Amino acid sequence: MSFILRCIDCGHKAPYFPTSISCPKCGSQWREAEYDLDTLSKTLPLQLPNRPFDLWRYHELLPVRNPDPACSLGEGGTPLIKAANLGLMLGCPNIYIKDERQGPTASFKDRQAAVSMAALKEAGITEMVVASTGNVAIAYSAYAARAGIKLWAFVTSLVPAVKMREVALYGSQLIKVSGSYDSVKRAASEFAKQRNLYQNMGARSIPSVESMKTISFEIAEQLTGYLGNDASAEDGIPRWQTPDWYIQSVSGGMGPLGVDKGFSELKKMGFVNKKPAIVGVQSAGCAPIVNSWKKGLETAEVVAVPRTHIETLATGNPGRTYQFLRNIVNDTGGAFESVTDEEAFRAMHVLAKMEGISAEPAAAVAFAGLFKLVRAGVIKPDDTVVVNCTGHTVPPEKLVLGDNWARNVVLPKEEERKEETPQEGILAALSHVVPERFPRVVIVDDTTEARLLIRRILQSQGDFTIFEANNGKEALRVVRREKPDLIILDLMMPELDGFGVLDELKADSETEGIPVIVSTAKELTKEEKERLKGQIQSLLQKGDFMSDEFFDEVHTIIN
Ligand SMILES: *Cc1c(COP(=O)(O)O)cnc(C)c1O
Ligand SMILES: [Zn+2]
């Protein structure tokens, strides 16, 4: 490691010591690490092939002189997963998920904790204070335990109890503070000052921002693995791929700050030729960055009282980080977007049921943002998108699941079994688990893929009994037999098309009342639209299955 800190305000350069927190010349706490990228662009490519794929693979670009393997928990090197089903659903085939749930404490705060603790241990620090909305406290506690550093973790009393218990399990001193996260930060800072303890400074902590760069390094390498390398390796400099978009849910903004710096460094070294457009997504109940950006403000309007269930994202005052993020988003052609808690919970279900990925609500916020931007046409079908799945849900809160999420089976006690064989007792108990009558849906489409996609999307929304028909005639047969609660009808089919099916359904008193949602790949003519008028519930463009209209339609029919 050879690098220097440059003051963002006066440009003064000084060596790095974790304990010195401000510019010796002007006193500013806003400084940035600068590396000898010229040299690294030549030496790194020779060394990378022999290194494991983890966070320390890029240690020359991190502010730690001698990383101690004994403090590592296997951080970094999380998989980049292709989201094929989400891709189909959204009509964007190139969506990838950076699965940060797979870190040692199941969130991307592991990177921050690993690099920070390594830097602090190196500097001889033995006790420190952090303020957290939950995941920082967990990650820092784990790494503090490993590094033998005593940690005082300040959290808001709104942090879910399971998260707090994990902090305590690692042996940290847990301080619950009532009030907003911003007041927790003030309390932590006061405590640290009184006791003269080192305190984590959020985005002003060099190791924190620097650690997040490793996300970009990994994405660039992994995406190259997927998309192939267009390298002319003759000059020995790798040519890695950059996604068009990097999307992350944002609270304090550490992630995007570091990720953008990471791509900047890769670009300066010539490893990539562009940076991704950065998207930050916030919870609508606490979206100071999004709202201020949309209003074109140069400093952020503070949200004094966050109104969101998603505590992890409840930073009401982004401070100066807002200005840095605003520049990054504007320079890269990115965006800020907000989503409601309900949209986030819905995205959480979609992600779990479509891709098998259980994300915590804060991480789902990024996916809800993705859906919104695709629907708005900001993200185009051919764009390559990486979404950071920032954290795991442990365990899903009741709020998210709603009622009836499991069925109970009571087995008879041993002594009550009498003559029955044990099997009979179990079977009798299970016979009470009769499936309820789920809403019945007939999907009519002549392509198997489209039927499968609609089936998956429906299943991501609840329990249905689904029937399929692959042409118009078959559709009429199935509908007459099954008397469904809803029909999802394709228009363009050989022989009897969707219009023909509708005519027949409407002419039959048994079927005329069944709601129909028409899905179509083509732009309809005026006459065609006229023909559908009054006959159908709603009209969907294919690839538009993520629309609120569709979900609302489906939910009205279920309820
Ligand atoms: C901390 C956190 C965020 C927000 O991260 P920042 O980049 O610091 O704004 C998002 N999701 C999860 C799960 C987090 O723990
Ligand atoms: Zn300065």
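# Pairs, clusters and a zinc site

Modeller: Phe3, Tyr16 and Tyr35 form one aromatic cluster. Keep in mind that this is a predicted model.

Colleague: Why do you call phenylalanine 154 buried?

Modeller: Its relative accessibility is 4%, and buried means under 20%. Phenylalanine 191, at 14%, also counts as buried.

Colleague: And why is the pair of tryptophan 240 and phenylalanine 271 called edge-to-face?

Modeller: The planes stand at 75° with the ring centres 5.2 Å apart. Anything over 60 degrees goes into that class, so edge-to-face it is. Tryptophan 240 is in the loop between helix 7 and strand 10 (245–249), while phenylalanine 271 is in the loop between helix 8 and strand 11 (277–283), so the pair ties together parts that are 31 residues apart in sequence. Both of these residues are buried.

Colleague: On to charges. How many salt bridges does the count come to?

Modeller: There are 32 salt bridges. Take glutamate 265 and lysine 213, whose closest N and O atoms are 2.8 Å apart.

Colleague: How do you know that this pair ties together separate parts?

Modeller: Glutamate 265 belongs to helix 8 (residues 254–268) and lysine 213 to helix 7 (residues 206–227), so the contact spans 52 residues in sequence. As for the salt bridge label, the N to O limit is 4 Å, and 2.8 Å falls within it.

Colleague: Are glutamate 265 and lysine 213 buried or exposed?

Modeller: Buried, in both cases: glutamate 265 has a relative accessible area of 4% and lysine 213 has 0%. The cut-off is under 20%.

Colleague: What about lysine 294 and glutamate 337, what makes that a salt bridge?

Modeller: N to O is 2.8 Å, against that limit of 4 Å. Lysine 294 lies in helix 9 (residues 288–294) and glutamate 337 in strand 12 (residues 335–339), 43 residues apart. Lysine 294, at 48%, is partly exposed, since exposed requires over 50%. Glutamate 337 counts as buried at 14%.

Colleague: And which residue does lysine 483 meet in a salt bridge?

Modeller: Glutamate 510, at 3.4 Å from N to O. Glutamate 510 is in the loop between helix 17 (498–506) and strand 17 (516–520), and lysine 483 is in the loop between helix 16 (472–482) and strand 16 (486–490). Glutamate 510, at 52%, passes the over 50% mark and is therefore exposed. Lysine 483 has 37%, which makes it partly exposed. There is also a network of salt bridges linking Arg6, Lys13, Glu32 and Glu34.

Colleague: Now the metal. Why is the arrangement around the zinc ion (ligand 2) called tetrahedral?

Modeller: The donors are the SG atoms of Cys7, Cys10, Cys23 and Cys26, at 2.3 Å. The angles between those four donors run from 104 to 114°, and tetrahedral asks for all angles between 85 and 135 degrees, so the label holds.

Colleague: What spacing do the donors follow?

Modeller: C-x2-C-x12-C-x2-C along the chain. Cysteine 10 is in the loop between strand 1 (3–7) and strand 2 (13–14), cysteine 23 in the loop between strand 2 and strand 3 (31–35), so they tie together parts 13 residues apart in sequence. Cysteine 10 is partly exposed at 34%, whereas cysteine 23 counts as buried at 3%.

Colleague: Last one: which residues come nearest to ligand 1?

Modeller: Of the 18 around it, Lys109, Asn135, Ser251, Gly253 and Gly255. Lysine 109 has a polar side-chain atom 2.6 Å from an oxygen atom of ligand 1. Glycine 253 places a backbone N or O atom 2.7 Å from an oxygen atom of the ligand, and for a polar backbone atom of glycine 252 the distance to a ligand oxygen is 3.1 Å. The cut-off for a polar contact is 3.5 Å.

Conventions. Residues numbered from 1 in each chain as written. Chains lettered and ligands numbered in written order. Predicted model: local features only at pLDDT ≥ 70, side-chain atom pairs only at ≥ 80, totals over all residues. Heavy atoms only, no water. Salt bridge = Lys/Arg side-chain N within 4 Å of Asp/Glu carboxyl O. Helix = DSSP H or I, 4+ residues; strand = E, 2+ residues; numbered from the N terminus. Buried < 20%, exposed > 50% of the residue type's maximum accessible area, 1.4 Å probe, protein only. Phe/Tyr/Trp six-rings, centres within 6.5 Å; stacked < 30°, edge-to-face > 60°. Donors = N, O, S within 2.8 Å, 3.2 Å for Na, K, Ca; no water. Tetrahedral: all angles 85-135°; square planar, octahedral: opposite > 155°, others 65-115°. Near = heavy atom within 4 Å. Polar contact = N/O pair within 3.5 Å; in protein donor to acceptor, adjacent residues only side chain to side chain.
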